[in-house]
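Open the model in your viewer and keep the selection panel at hand. Each stop below says what to select and what is there.

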Amino acid sequence: MDDQVIRMGGVSVRRGENLLVGGVDWSVELDERWVVLGPNGAGKTTLLKLAGAEMHPTTGTVEILDEQLGRTNVFELRPRIGLCSAAVAARVPGDELVRDVVVSAGYAVLGRWREEYDRMDTDRAAELLDTLGIAHLADRAFATLSEGERKRTIIARALMTDPELLLLDEPAAGLDLGGREDLVARLSGLAMDPDAPAMTLVTHHVEEIPPGFTHALLLADGGVVAQGLLDDVLTEDNLAKTFGQDLELQRSGDRYFARRRG
Ligand SMILES: Nc1ncnc2c1ncn2[C@@H]1O[C@H](COP(=O)(O)OP(=O)(O)OP(=O)(O)O)[C@@H](O)[C@H]1O
């Protein structure tokens, strides 16, 4: 595999009269951590679904992990991608125990049960629960978890299969301040881990960009406003174009904060 995990050229997605995204050229390399930032309805989830091989483009080409959508078996490609989204969380049965939510991701890929795999999987799941700070919740039913605990469980599940690409759709949505800060710190740890997979995180808020993320793609009305290195792309001008407001951007240490001017 070469170093590009996502390669999109001239991509558009159309549904009836609606252009969900248009004219997207975008590449993500193995060691990059991307933020896709934009307002509601900008096309962020559409872009992530393309990257997750959950959707095909109407025009253009999408290559994920060296496989071109439309010319590859997506059922073989998807297990190589870790996708965390509200839709994934909604599919988890409420009575499933946290440890099983995580470990079952491994079974889906292995497709069989063996004693020695079972032990390896259980150990791996325990390690991931620990990394995400939810080891104490291993025996709790998923439905009894707080929103933040659920998000962390889904991220642990996505990492269980050692994906080559990790996609996070609004991981901090619905979290309180403490929960957001905790998640941002954990994602930052992951982003800085050289063994972690390539990552793309979708968000509405610059405050949710974890330190260690390297690149940003700003999206508005289905089109790319700017993309490249985070520090080059995250400017007041670009944010104004993206969100249609005059925004003041501040950087404090390795975090960003934005508010409307005036
Ligand atoms: N199947 C569909 N048919 C028609 N329009 C659609 C369809 N799916 C999405 N859209 C529209 O495409 C646009 C982009 O949707 P998308 O979910 O990608 O945006 P988003 O940036 O993720 O938004 P949000 O931040 O609100 O989740 C929205 O205006 C949405 O209403």
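## Stop 1: the antiparallel sheet

Select Ile-64: this residue stands opposite Glu-67 in strand E5. Before moving on, note that this is a predicted model, in which local features need pLDDT of at least 70, side-chain atom pairs count only at pLDDT 80 or more, and totals for chains, interfaces and linings use all residues. Residues are numbered from 1 along each chain as its sequence is written. Helices (H or I, at least four residues) and strands (E, at least two) are DSSP runs, numbered from the N terminus.

Now show E4 with E5. The two run antiparallel and are joined by 2 bridges. Two strands count as paired if DSSP finds at least two bridges between them. E4 and E5 form a hairpin with 2 residues between them. Click Leu-65 in the turn: its phi is positive, about 50°.

- E1 (residues 4–15) and E2 run antiparallel, joined by 8 bridges. Pick Val-11; its bridge partner in E2 is Val-24.
- E1 and E4 (residues 59–64) pair in the antiparallel sense over 5 bridges. Pick Met-8; its bridge partner in E4 is Val-62.

## Stop 2: around the ligand

Which residues lie around the ligand? Select Arg-15, Asn-18, Leu-20, Gly-38, Asn-40, Gly-41, Ala-42, Gly-43, Lys-44, Thr-45, Thr-46 and His-204. A residue is near a molecule if its C-beta atom, placed from the backbone, lies within 6 Å of it.

Colour by element next. Strand E2 (18–29) and helix H1 (44–51) each supply at least two residues of this shell. H1 gives the most, with 3 residues. Then colour by class: the shell divides into 2 nonpolar, 8 polar and 2 charged residues. Here Ala, Val, Leu, Ile, Met, Phe, Trp, Tyr, Cys and Pro count as nonpolar, Asp, Glu, Lys and Arg as charged, and the others, Gly among them, as polar.

## Stop 3: the mixed sheet

Select the open sheet of 6 strands, in the order E6-E7-E8-E3-E9-E10. Its pairing is mixed. E6 (81–84) and E10 (223–229) stand at the edges, each with a single partner strand, so one side of each is left without a neighbour in the sheet. From one strand to the next, the twist averages 15°.

Zoom in on E3 (residues 33–37) and E9 (residues 215–220). They run parallel, joined by 4 bridges. Val-35 stands opposite Ala-216 in E9.

## Stop 4: the helix pair

Axes are lines fitted to C-alpha atoms, for helices over the stretch in contact, and angles run from 0 to 180 degrees between N-to-C directions.

The axes of H6 (residues 147–160) and H7 come within 10 Å and cross at roughly 15°. That makes H6 roughly parallel to H7 (angles under 35 degrees).

Finish on the contact itself. Select Gly-148, Lys-151 and Arg-152 of H6 with Gly-179, Asp-182 and Leu-183 of H7. Residues are in contact if their C-beta atoms, placed from the backbone, lie within 7 Å. This contact divides into 1 nonpolar, 2 polar and 3 charged residues.

Note on methods: Parallel < 35°, antiparallel > 145°, perpendicular 65-115°, else oblique. Contact = placed C-beta atoms within 7 Å.
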